[in-house]
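Hi,

Here is the structure we talked about. Have a look at it first, and then read on for what turned up.

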Amino acid sequence: MNVLCILGHPRPESFCGALADAYCEGAEAAGVDVRALAVDDLAFDPDVHAESPTDQYLEDDLRAAQRLIGWADHLAFVYPNWWGTMPARLKGFFDRVFEPGFAFAEYEEGAGAGHVELLDDKTAELIVTMDMPPWVYRWIYRQPGTNAVKRATLGYAGVRTTRVTELGPVESSTLEERKGWLHRVREHGRSLVTGPESQTARATHKAKTWLGALRLQFYPMAWLAYTIGALAAVGSSDVFGSSAYWLGLGFLFFLEAATVLSNEYYDYGTDRQNAFAGPFTGGSQVLVDDALSVRELQIGIGVTLVLAVVFGAATVAASAGSTVATASAVAVLAVLALGYTAPPLELSYRTLGEVTVGWTHSIGVLLIGFLALGGSWREPEPWLLGVPFLLAVLPSITLAGVPDYAADRAVGKRTIAVRFGIGGAGAVAMGTVLLAALTAVGWHLLGLVPDAYGPAIALSVPHALGICWLVRRRLDETAGAQRIDGLMAASLSYIAWFALVPLYGLL
């Protein structure tokens with residue numbers, strides 16, 4: 001491992017200088033390749049006089065600093081906290097060295113803009129001295145300088161900060177305290193023998209990575225539809241005392257997990273090219289960012305598939321209704337969910353992906369809940385409840401193809417947005433969002449499912465009109481791939497009307 005220790009204090013003979021030396025000593029003892037860089041030793045203008053740092057001549061010392069940062073796997077910054085943040089010299093160093101093309105790359109396409117992190121293969125740690133107790137800086141001042149370096153500077157370039165060590169108050173410290181701090185920092189350097197993170201930190205980071213890969217934010221939609229089906233079959237909250245209900249919920253969880261992970265695996269080509277990936281689209285990027293290996297992802301898919309089969313079989317066995325009907329519904333749901341991206345079906349590549357997601361997250365899971373709790377597929381309730389839910393899901397999954405448009409088109413993925421264009425996807429979203437509201441209101445006025453749909457469902461109409469306004473404002477025939485986080489949030493929250501209103505009515 002290559003380690004670069006950067007001293008940000010303008011006086012190398014300071015206590016920060018001693019801390020930097022101690023860290024380097026520990027790192028050398030750990031057997032890593034360590035180099036030191038003192039910002040004060042560099043000859044450069046700390047101010048950006050040009051419109052962009054790239055338009056200003058980069059001094060030789062700064063070019064050398066960039067080469068060192070490029071060489072390093074791990075960066076250690078040692079500096080004092082002055083006026084709540086870093087010294088001006090270190091700030092100027094960041095302003096000049098972390099320029100576009102080196103630390104990040106900006107892009108602008110259509111109505112969207114963003115940046116790509118270019119230093120995302122590196123980790124960092126901060127060693128910060130101050131003249132106040134660290135707990136005061138952390139809990140009262142809320143660490144403004146640390147947050148600026150960790151998130152707004154290093155984080156923007158993709159560098160992940162693994163450890164922050166805040167020492168103080170220095171000015172009133174005793175000799176013994178300073179010796180203790182030097183020993184602590186030396187041990188931090190020595191700990192690099194096992195990598196830039198402790199075992200606990202590595203385990204925590206890996207757990208967070210898996211949670212990100214699972215994309216748990218999308219699961220409640222299916223759980224609510226399933227619960228609505230179960231309540232419609234039983235007619236009371238007694239459903240929560242049924243083993244079949246909880247086994248079915250477990251099946252849905254592991255099937256969704258297997259589906260999400262397999263999507264991550266089979267969509268790697270499009271995710272890698274996606275410049276507009278966000279919280280709602282473009283996958284979790286765990287493969288693209290090398291946060292998980294292909295082998296790890298394959299193991300995750302295998303484990304969740306096995307658990308889905310186990311819980312699916314248990315749900316069928318515990319079903320209060322027809323075993324054949326429940327088993328058929330479970331099998332169809334599993335095939336459609338996994339076939340979204342997995343061969344041989346690859347439904348998302350055949351302009352069937354949006355309908356598949358709509359079905360599996362509405363009628364499909366709702367019917368399983370209904371059958372597992374004793375209902376019959378011949379009864380109209382699950383179908384009547386599922387149709388508005390299906391129509392409400394379609395706008396968000398259709399609009400999800402807008403940020404992914406360019407990447408999907410490049411790999412031959414025929415989503416609605418790719419096949420019919422951005423404007424066509426917008427038209428489909430507007431049509432289905434209005435149809436969902438009108439269908440649910442119609443069910444209420446006709447009294448088809450009186451326990452589920454009450455007058456409150458009429459509030460979905462202004463929400464639908466608001467989504468249509470946003471679509472008309474953002475998307476047209478000339479629009480290209482772009483981030484539409486606000487529109488995605490509006491369309492995803494729209495589904496709540498067709499989940500919470502029936503849920504409340506059936507409880």
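Helices here are DSSP runs of H or I with at least four residues, strands are runs of E with at least two, and both are numbered from the N terminus. Residue numbers start from 1 along each chain as its sequence is written, and side-chain values use heavy atoms, with hydrogens and water left out. Please keep in mind that this is a predicted model, where local features need pLDDT of at least 70 and side-chain atom pairs count only at pLDDT 80 or more, while totals for chains, interfaces and linings use all residues.

First, the overall picture. The protein has 19 helices and seven strands, and its C-alpha atoms fill a box of roughly 85 × 50 × 45 Å along the principal axes. Of its 507 residues, 52% are buried (buried is under 20% relative accessible area, exposed is over 50%, and partly exposed is in between, with a 1.4 Å probe and protein chains only). Taking contacts with a separation of 6 or more, 77% are between residues 24 or more positions apart (a contact is heavy atoms within 4.5 Å). The accessible surface is about 22,200 Å², and carbon and sulfur atoms make up 59% of that (Shrake-Rupley method, 1.4 Å probe; for residues, only the protein chains shown count as cover).

Now the salt bridges. The search of the whole structure gave 10 of them (a side-chain nitrogen of Lys or Arg within 4 Å of a carboxyl oxygen of Asp or Glu). One is Glu-25 with Arg-186, with the closest N and O atoms 3.1 Å apart. Glu-25 sits in helix α1 (residues 15–29) and Arg-186 in helix α6 (residues 175–190), so this pair ties together parts 161 residues apart in sequence. Both ends are partly exposed: Glu-25 at 41% and Arg-186 at 25% relative accessibility.

Helix α6 also holds Arg-190 and Glu-187, three residues apart and so separated by about one helical turn. Their salt bridge has its closest N and O atoms at 3.3 Å. Arg-190 is partly exposed at 37%, and so is Glu-187 at 32%. Arg-483 pairs with Asp-485 at 2.6 Å between the closest N and O atoms.

What about a charge without a partner? Glu-99, in the loop between α3 (88–97) and β4 (104–109), is buried yet has no salt bridge, and the nearest side chain of opposite charge, Arg-63, is 6.3 Å away. Leaving out residues up to four places away in sequence, Glu-99 touches Pro-53, Thr-54, Leu-58, Gln-66 and Phe-104.

Lys and Arg count as positive and Asp and Glu as negative, while His and the chain ends are not counted; each charge is placed at NZ of Lys, CZ of Arg, CG of Asp or CD of Glu. The mean positions of the 35 positive and 49 negative charges are 3 Å apart.

A positive patch gathers Arg-138, Lys-150, Arg-151 and Lys-208 (patch residues have over 30% relative accessible area and no salt bridge; like charges are joined within 9 Å, and nonpolar side chains, meaning Val, Leu, Ile, Met, Phe, Trp and Tyr, within 5 Å). Arg-151 belongs to helix α5 (residues 144–157) and is exposed at 56%. Glu-117, Asp-120, Asp-289 and Asp-290 form a negative patch. Asp-290 lies in the loop between α10 (268–273) and α11 (294–318), and is exposed with a relative accessible area of 65%.

Cheers
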